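Here's a quick tour of a protein chain for you to follow in the viewer. Keep the structure open and look up each part as you read.

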Amino acid sequence: MKPPHAPRAAGQASCLIALGSNLGCRLSNLRLAVAELHADGDVSVRAVSKLYETSPIGGPEDQGAFLNAALLAETRLAPEELLARLHRIEDARGREREVHWGPRTLDLDLLTYGDLTVDTSELSLPHPRLHVRRFVLVPVCDIAPELIHARTGRTMRDHLADLPAVDGDLSVYAASWSAPDQPTA
């Protein structure tokens, strides 16, 4: 029997990735990340959410607002390989990991990988805070509202409905913003 994090022999797995940026040219950082993922032969971007401007949660108080989005992709990469690829894209955009939840040029979080559950020191799937963060669930629900959370057995839409809306916590920044020839929600 294969461990739960082994790559699927038959081909591709569907995954959700959250994107965020609050340093530099935020929109450019996100566009370049989507374009790089889409150009990758091992990752195929299927849908991109609307783009939302959100207040930072946690971390230093003086940091600027984030632009957040989510994308749905298919990949041949194992979850650990995909996470390493996401980290390389972050690093190429100048991501520094000095302050926990601090400002960042690019933040790419692997939220789900098929229906796998993984708990290692490097990777937790589904992302442990996926179902409790509006700034993640709102864009996710643009592209995959009926996706079932592998641990809770509930849809993303149901999890979003459980979270209270806070005035001004999210605003649509752009309904369509991806790089040319990219799919959108």
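Two strands count as a pair here if DSSP finds at least two bridges between them. Before going on, note that this is a predicted model, where local features need pLDDT of at least 70, side-chain atom pairs count only at pLDDT 80 or more, and totals for chains, interfaces and linings use all residues. Residues are numbered from 1 along each chain as its sequence is written, and side-chain values use heavy atoms, with hydrogens and water left out.

**The whole chain**

- You'll find four helices and eight strands here; helices (H or I, at least four residues) and strands (E, at least two) are DSSP runs, numbered from the N terminus.
- Reading from the N terminus, the order of elements is β-α-β-β-β-α-β-β-β-α-α-β.
- Of the 185 residues in the chain, 48% are buried, where buried means under 20% relative accessible area, exposed means over 50%, and partly exposed is in between (1.4 Å probe, protein chains only).
- Take the contacts (heavy atoms within 4.5 Å) between residues at least 6 apart in sequence: 70% of them join residues at least 24 apart.
- The chain exposes about 9100 Å², and carbon and sulfur atoms supply 51% of that; the areas come from the Shrake-Rupley method with a 1.4 Å probe, and for residues only the protein chains shown count as cover.

- In the pairing with S5, Ile 17 has Leu 110 as its bridge partner.
- S1 also pairs with strand S4 (residues 66–75), in the antiparallel sense and over nine bridges.
- Leu 19 stands opposite Ala 69 in S4.
- Glu 74 is another residue of S4, and it is partly exposed because its relative accessible area is 27%.
- The C-alpha atoms of Glu 74 and Leu 16 are 8.8 Å apart, although 58 residues separate the two along the chain.
- Beyond its neighbours within four places in sequence, Glu 74 is in contact with residues including Gln 12, Ser 14, Val 43 and Arg 46.

**Helix H1**

- Asn 29 counts as buried because its relative accessibility is 4%.
- The side chain of Asn 29 makes a polar contact with the side chain of Ser 21 (3.1 Å); a polar contact is a pair of N or O atoms within 3.5 Å, and within protein one must be able to donate a hydrogen and the other to accept it, while residues adjacent in sequence count only if both atoms are side-chain atoms.
- Leu 37 is buried too, with a relative accessible area of 0%.
- Not counting residues up to four places away in sequence, Leu 37 touches Ile 17, Val 43, Val 45, Leu 71, Leu 86 and Ile 89.

- In H2, the buried residues are Pro 79, Leu 82, Leu 83, Arg 85, Leu 86, Ile 89 and Glu 90.
- They cover an arc of only 160° around the axis, which puts them on the same side of H2.
- Their cover includes S1, H1, strand S2 (43–48), S4, S5 and S7.
- Nine of the 10 residues of H3 are buried, so the rest of the structure largely encloses this helix.

**Two backbone details**

- Most residues other than glycine have a negative phi, and most peptide bonds are trans.
- Just after H2, Gly 94 takes a positive phi of about 90°.
- Leu 125 and Pro 126 are joined by a cis peptide bond, with omega about -15°.
- Pro 126 sits in the loop between strand S7 (124–125) and helix H3 (134–143).

Key
Arc of directions from axis to C-beta.
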